[in-house]
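Below is a short briefing on one predicted model.

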Amino acid sequence: MISKQLAGEKAVEFIKADMTIGLGTGSTVYWTIHRLGKMVKNGLQIRAIPTSKQTESLAKELGIPMTSFSEVSQLDLTIDGADEIDTHFNLIKGGGGALLREKLVAAASKRFIIAADDSNLVHTLGKFPLPVEVVPFAWEVTAQRIASLNCKPVLRMNNKKPYITDNGNFILDCSFEKIENPLDLSEKLKLIPGVVETGLFIDMADLIIVGSKNDIRLINKN
Ligand SMILES: O=C[C@H](O)[C@H](O)[C@H](O)COP(=O)(O)O
């Protein structure tokens, strides 16, 4: 069994009846969503808010009942993946382009669980290029401003065209190499006009489930 699958499937143990669950995006929570689909088939009653169109269609296919922020304002639990996790529980997310909805859903959740594998654990964030969601208008100028923070922003492409997020925006993948102060960088990025959201999730995760070749580790905050 692959490590992401181990971690993703383990995460469903934290889902209880009648919860409202945030469903993340990516190849790790794919396994969570599949397991949850089986639990729902066996009678578990929950409702879910997806963090992307991709997750929404998978969850619908599996018969997982959906809700939205027009019906609920707080979720009991969100389960998501991460591209990098540092020793202070800070994350880089957005490799799959879903960072904006992921952050909104995580911020509205009482508990935020990350399922990942040991390759995602790092001492310092930044080797994985930081995804930054920007509005398409004047994205070139936004990219120049971001570059002045000491990185190389690259416009994410898809079939030779700019990749478009579920919110109609572009993504700039920004290679910082080492992000020594994630909070400071996050604040600086958010001050740049045109930046919608960044893939830095600072001190939001409550529990990390780390799958490796043959076992699973749970890392609790504090
Ligand atoms: O936009 C995508 C998300 O932030 C994913 O959770 C992240 O990229 C990790 O994905 P995966 O589970 O495929 O490694």
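**Helix α2 and the annotated sites**

The buried residues of α2 pack against α1 (3-10), β1 (20-23), α3 (53-61), β3 (75-80) and β6 (109-117). Helices (H or I, at least four residues) and strands (E, at least two) are DSSP runs, numbered from the N terminus. The model is predicted: local features need pLDDT of at least 70, side-chain atom pairs count only at pLDDT 80 or more, and totals for chains, interfaces and linings use all residues. Residue numbers start from 1 along each chain as its sequence is written.

**Helix α2**

- Helix α2 covers residues 29-41, which is 13 residues.
- From first C-alpha to last, α2 reaches 18 Å, close to the 18 Å expected at 1.5 Å a residue (the expected span is 1.5 Å times one less than the number of residues).
- Val29, Trp31, Thr32, Ile33 and Leu36 are the buried residues in α2. A residue is buried if 20 or more other C-beta atoms lie within 10 Å of its own, exposed if 12 or fewer, and partly exposed in between, with C-beta atoms placed from the backbone.
- Gly43 follows α2 and has a positive phi, near 110 degrees.

**Annotated active site**

- An unreviewed UniProt entry places the feature "active site" at Glu102. UniProt positions are given in the numbering used here, feature names are shortened, and annotations may be inferred rather than shown by experiment.
- Glu102 sits in helix α4 (residues 99-107).
- Glu102 counts as buried because 31 other C-beta atoms lie within 10 Å.
- Not counting residues up to four places away in sequence, Glu102 touches Gly24, Thr25, Thr51, Asp80 and Lys93. Two residues are in contact if their C-beta atoms, placed from the backbone, lie within 7 Å.

**Annotated binding site**

- The "binding site" annotation, also from an unreviewed UniProt entry, covers Thr25, Gly26, Ser27, Thr28, Asp80, Gly81, Ala82, Asp83, Lys93, Gly94, Gly95 and Gly96.
- These residues span 72 residues in sequence, yet no two of their C-alpha atoms are more than 13.2 Å apart, so they gather at one spot.
- Gly26 is in the loop between β1 and α2, and is buried, with 26 other C-beta atoms within 10 Å.
- Beyond its neighbours within four places in sequence, Gly26 is in contact with Gly81 and Gly96.
- Gly95 is in the loop between β5 (91-92) and α4, and is buried, with 21 other C-beta atoms within 10 Å.
- With neighbours within four places in sequence left aside, Gly95 is in contact with Asp83 and Pro131.
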